[in-house]
Amino acid sequence: MDAPADMAELTGALLARGDAYLALPAYGADGARGDRTALARLLLANARLKLVFAGLSFTPPAFLDLLAGEERPAIRQRIVRNPATSGETLLRLARHMEGAPMRAAVAAHVHTPETVLAGLAADADSTVRAALLRNPATPAPALHAVLDGATGVERAGLARHPRADGDLLHALLAGGEAVVRAEVVAHPHCPLTRVADACVDSDAAIRRRAAANPALPPTLRQALLRDPDPAVRAEALRRLAERHDVMLADDGDVRVRRAQARHAALPQDLAEALSRDGDVWVRTWLARNPGLPGAVIRGLCQDAHPGVRHAAGRNLHCPADALARLARDADDWVRAAVACRPDLPSDALRRLEGEGTVDVASAVARNPMAREEVLRRLAVHSEADVRRAVALNPEAPASALRLLLDDAYGLNRAFAVRHPNLPFADAWRCADDGEPQVRFAVGKRAVFSCAAASRAARTPEPFQQP
């Protein structure tokens, strides 16, 4: 089948096949509204599939809304836990919440409307209240309602919630619990005076949580960088803004040096000192640092530990000559780190294209600069992971993708079908595939192709001067 001319033609072809997985992506798609009734009859014909579709994260929200009208509690329970479910559907289901598990699922969903979340804040069930505290979309008024009668665990959860406001945090501090206070002073909405008090608290745990506050003023953070407790210094460093230089040289605690190694504003002398550190994780974090000078990266590319060399090879600022050197490394994992890089010098990539080790072959298969004949060879590799890497290569040619349509693993076939470089006519060959996820991928690809063609047809041609 060639690419369908419009959604009506596509819907007709999908209905003629009579396969629910193939037709599912078309439900609710632009231009298919006229055929929604016929699609619904097909998709709702099988009781078992209705239960399956209710729980699949790729089920169209419009079809989940249709399923919400089903009377089976098991279907509704799956719908409220489905991340694709819309707020409108959740609002409908909130009127028929059977039992605490259903209410907790609605309370935990990020698409649940704020009015529903506010109503659930008065729920006496601890699982519903816990779900509200886990939901980052729970509004501040609902959090205030949960505070009444909250347990110690719930009070700590309120103090961590991203939408807790200053008034709520002030009320939590009045309780006096050390655990709750530690969470409050780490919150960006905590009153500055309370954070400042925490920075000089006698309890190092309180000072460490204050150091974790992303809104901590620079003057207070600089003071914590000199704290006698290394855990406080390390936390202050981790949150230090990139524009501020790291000034703590020769710190004796490894936690602080690891935090130093990750900071983007490392001065070169400190970076060079850390590159000789005896702790392998200091050097590994340093090798990953995107702000590292090229000279330091080159030195780390010759580190005795392969994990450090691997990290240096993944650094986006690793110089080309260092990448070429790592491509000849004795360790497979190190060579694999650079084999997938599109900026690897071509002669180094050509050498790696001939390797038989699985890690290197998988990395080459993902490299958008790999040659077509190499990708065709890797598309029939004995290892499924290598073949899958070809399907995930954004520049994989159609000739390699066609080979994957006969792959033994359904996931590999599904990835190949989804690839935009595979002509639609080739993808449609898998419309009768034995694996449901492949047939769904074919339907999704068909809907995408049809929508793209429709957008192109609506785009006016640019006006040309005579």
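A142 is buried, with a relative accessible area of 1%, where buried means under 20% relative accessible area, exposed over 50% and partly exposed in between (1.4 Å probe, protein chains only). A142 lies in helix 11; helices (H or I, at least four residues) and strands (E, at least two) are DSSP runs, numbered from the N terminus. Leaving aside neighbours within four places in sequence, A142 is in contact with L117, A118 and A121, contact meaning heavy atoms within 4.5 Å. The C-alpha atoms of A142 and L132, ten residues apart along the chain, are separated by 8.4 Å.

This is a predicted model, in which local features need pLDDT of at least 70 and side-chain atom pairs count only at pLDDT 80 or more, while totals for chains, interfaces and linings use all residues. Residues are numbered from 1 along each chain as its sequence is written, and side-chain values use heavy atoms, with hydrogens and water left out.

Now for the whole protein. Its secondary structure comes to 33 helices and zero strands. Of its 466 residues, 50% count as buried. The C-alpha atoms fill a box of roughly 75 × 65 × 60 Å, taken along the principal axes.

The axes of helix 8 (residues 99–108) and helix 10 (residues 126–134) come within 7 Å and cross at roughly 10°. That makes helix 8 roughly parallel to helix 10, a label for angles under 35 degrees. Here axes are lines fitted to C-alpha atoms, for helices over the stretch in contact, and angles run from 0 to 180 degrees between N-to-C directions. A100, R103, A104, A107 and A108 in helix 8 meet T127, V128, A131, L132 and R134 in helix 10.

Next comes helix 13 (residues 166–173), with L168, L169, L172 and L173 as its buried residues. Seen down the helix axis, these fall within an arc of 140°, so they line one face of helix 13; the arc is that of the directions from the helix axis to the C-beta atoms. They pack against the helices in this table:

| Partner of helix 13 | Residues |
|---|---|
| helix 11 | 140–147 |
| helix 12 | 152–160 |
| helix 14 | 178–185 |
| helix 15 | 192–199 |

Finally, E355 lies in the loop between helix 26 (346–353) and helix 27 (358–366). E355 is buried, with a relative accessible area of 19%. Apart from neighbours within four places in sequence, E355 is in contact with R335, V360 and A361.

How values were computed:
Angles under 35 degrees count as roughly parallel, over 145 as roughly antiparallel, 65 to 115 as roughly perpendicular and the rest as oblique.
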